[in-house]
Structure formats: C-alpha cells, structure tokens
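Subject: Structure for your review

Dear colleague,

Please find below the structure that I am handing over to you. I would be grateful if you kept it open while reading the notes that follow it.

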Amino acid sequence: MNRPVKQCTAFLFAFLAISCATPGVSENTVVSIKTTLGDIKVKLYDGTPLHRDNFIKLVNMGFYNGISFHRVIKDFMIQAGNPSNRTGLTKEESDTLSSYTIPAEFRREYYHKKGALAAARQGNDVNPEMRSSGTQFYIVQGVRYTDSELATAESRINSNIKQTVFAKYLKETGDSARMAGISLQDSEIQEKASMKMFDYLTREGDFKFTENQINDYKTIGGVPRLDATYTVFGEVIEGLDIIDKIAAVQTDQSDKPVSDVRILTMKIVR
C-alpha cells in the first residue's frame, strides 16, 4: 500500500535538488482540486513563474492527494499542504519538505481578493525575505471592507513593509561587514541601513491600493492586510461556494477542522 507514496517521495527529493524552473509550461494553467466537500478549479498566474512551476510539479507528483486542510479560519482563509499531514512520509522526509522555500514574487496586480491562491510562509522575525513555503498554500475567503477599513489596512501594510525592509538592510549590512572582516558598531550598522532605507523609500514610495483592489475588497471581499507581504500566485475560477463551505466547518482551538476535510485529488486540466 505504501509503495506509490514511496515512489512519489523519491521523485520529490529529486525535485528538491533541481531548479523550480520548468521549461515548456503552458500558459494559464488550470488545476482541478477535488475535496471531500466539493470541487474547486484554480488558475495559476504566469506572472509568478517560480510559484506556478513549483505548484505544478507537486500536483503532478500527487503530493497533495489525500492531504488535509489543517488550518481553517472562517472569514479569513483555508490552508493545506503541511508535509506532516502527508501519509507515507518519514519524519526526515517531512522535515526536508517543510524546510524548502521559494523566493517571494510580489506583483501589484495579484492581491488577496476572495478566491486568491497564495503561499503560506514563516513570520518576518525568522523570514525577513518573506520567502514562501514550498508546499503550503491557502485560499482566501475574507470579508468585505469599507473605505475607512481599507485606509487602516493600507497604513498597516506600509508599516509592515518598512519594518521588514529595514530589518533586511540591517542584516545585509552586518553580514557584509563580517564577511569582509570589518568591525562595525551597532550605530554604524544602523546608519548604513538607514541610508539604504532612505533610498528605498525615495524609489518605491508608499504602498497604495489600486482602484481594482478597492473595488474587489468592497464588493467580493478578501484579506487586504496580507498584500505585498505574501505571494499570491493564482485564483479560484470555479467553486467559490466550496471555499465558503470548507471555511464554515467546526474547528478546534488550533483552527484544525474537527471532522477531517481532505483534498482527494489534484490534477492539471489545462
């Protein structure tokens, strides 16, 4: 019974050893997700090729077949892809899959509207580059927002971006000095990082929601506070009602469904 999983696992480690780039991938790839509560179809964005190609490989390997939605929060999102929930994997295999990440691919035109497919990740304190989990994804349910709530979300996003970018510059400056054998005081590292931060703010300016974002967040809803900090790489094109159905299930204190909700199969349909 375990043989197909072991074959898949061996292939999976070969996958981890090579680049995420997949030549010849068709544009506008569509993936069918058959769950225990109904069927969903998602379209993968071509503007996030690293995430698209990685997801396609995992789908083709059958990695997601049988895996559970391990985190479900009503009015927020449904999440799956935790290797520890994948049957047939050893602890070592699960740990290896959990540790591999993908560089962030933030695109202004891809945002957290209802139905958005995005990559989960570790927090900024241990992941200042905001790299994505190699296997875990979530699909947004969200809620509708008012203009004032969007203004608050926009302010929060700007604060998060600035804190994250400055922390990244502090680390880069300190690491660069150490590698060059240069001793810098904390105040000197702060000053050099602040100069980089000034250049960044001059170049990039503040984050602003587009008209499309504002319209979608006010009409169909979503989770705008995650924009520009988590990579969105696709969207639901069929089965938004199934997202609502999964998001409505009873969960325990750790947001895990009391009754298991699983992905039965995933396959590329276009």
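Which residues do ring pairs link into a cluster? They are Phe55, Phe63, Tyr64, Phe137 and Phe233. Please keep in mind throughout that this is a predicted model.

**Aromatic rings**

A pair of aromatic rings is described by the distance of the centres and the angle of the planes. The structure holds 10 aromatic pairs. One of them joins Phe55 to Tyr64, with 5.4 Å from centre to centre and 40° between the planes, and this pair is tilted. Phe55 counts as buried because its relative accessibility is 2%. Tyr64 also counts as buried, at 1% relative accessibility.

Another pair is formed by Tyr138 and Tyr230, whose centres are 6.3 Å apart and whose planes make an angle of 75°, an edge-to-face arrangement. Tyr138 belongs to strand 8 (residues 137–140), while Tyr230 lies in the loop between helix 6 (211–219) and strand 9 (232–238), so this pair ties together parts that are 92 residues apart in sequence. Tyr138 has a relative accessible area of 4% and is therefore buried. Tyr230, in contrast, is partly exposed, with a relative accessible area of 22%.

Lys113 lies over the face of Tyr111, at 5.8 Å from the ring centre. Over the ring of Phe76 sits the charged end of Arg225, 5.0 Å from the centre of that ring.

**A hairpin**

Strand 3 (residues 69–73) and strand 4 (residues 77–80) run antiparallel and are joined by four bridges. Across these strands, Arg71 stands opposite Gln79 of strand 4. Three residues lie between the two strands of this hairpin, in which Asp75 takes a positive phi near 70°.

**Pockets**

The volume of the largest pocket is about 560 Å³. Its lining is made up of 30 residues, and Phe106, Ile161, Tyr200, Glu204 and Ala228 are the ones that lie nearest its centre. Helix 4 (147–179) and helix 5 (186–204) each supply at least two residues of this lining. Helix 4 gives the most, with seven residues. Sorted by class, the lining of the largest pocket has 14 nonpolar, 10 charged and six polar residues.

For the second largest pocket, the volume is about 300 Å³. Its lining has 20 residues, of which Gln79, Ala120, Arg121, Gln122 and Gln136 are the closest to its centre. At least two lining residues of the second largest pocket come from strand 4, and at least two from helix 3 (91–99). This lining divides into 10 polar, seven nonpolar and three charged residues.

**A cavity**

How many cavities of 30 Å³ or more are there? The count comes to one. About 70 Å³ of space lies in the largest cavity. Of the 14 residues that line the largest cavity, Asn54, Phe55, Ser133, Gly134 and Phe233 lie nearest its centre. Helix 2 (49–61) and strand 6 (116–119) each supply at least two residues of the cavity lining, and helix 2 gives the most, with four residues. The lining of the largest cavity contains eight nonpolar and six polar residues, and no charged ones.

Yours sincerely

Definitions and conventions:
Residues numbered from 1 in each chain as written. Predicted model: local features only at pLDDT ≥ 70, side-chain atom pairs only at ≥ 80, totals over all residues. Heavy atoms only, no water. Pairing = 2+ DSSP bridges. Phe/Tyr/Trp six-rings, centres within 6.5 Å; stacked < 30°, edge-to-face > 60°. Buried < 20%, exposed > 50% of the residue type's maximum accessible area, 1.4 Å probe, protein only. Lys NZ or Arg CZ within 6 Å of the ring centre and 35° of its normal. 1 Å grid on protein atoms, 1.4 Å probe; cavity = no way out; pocket = protein on both sides within 12 Å on 5 of 7 lines; lining within 4 Å. Points joined across faces, edges and corners; volume = space filled by probe spheres on them. Nonpolar A, V, L, I, M, F, W, Y, C, P; charged D, E, K, R; others polar.
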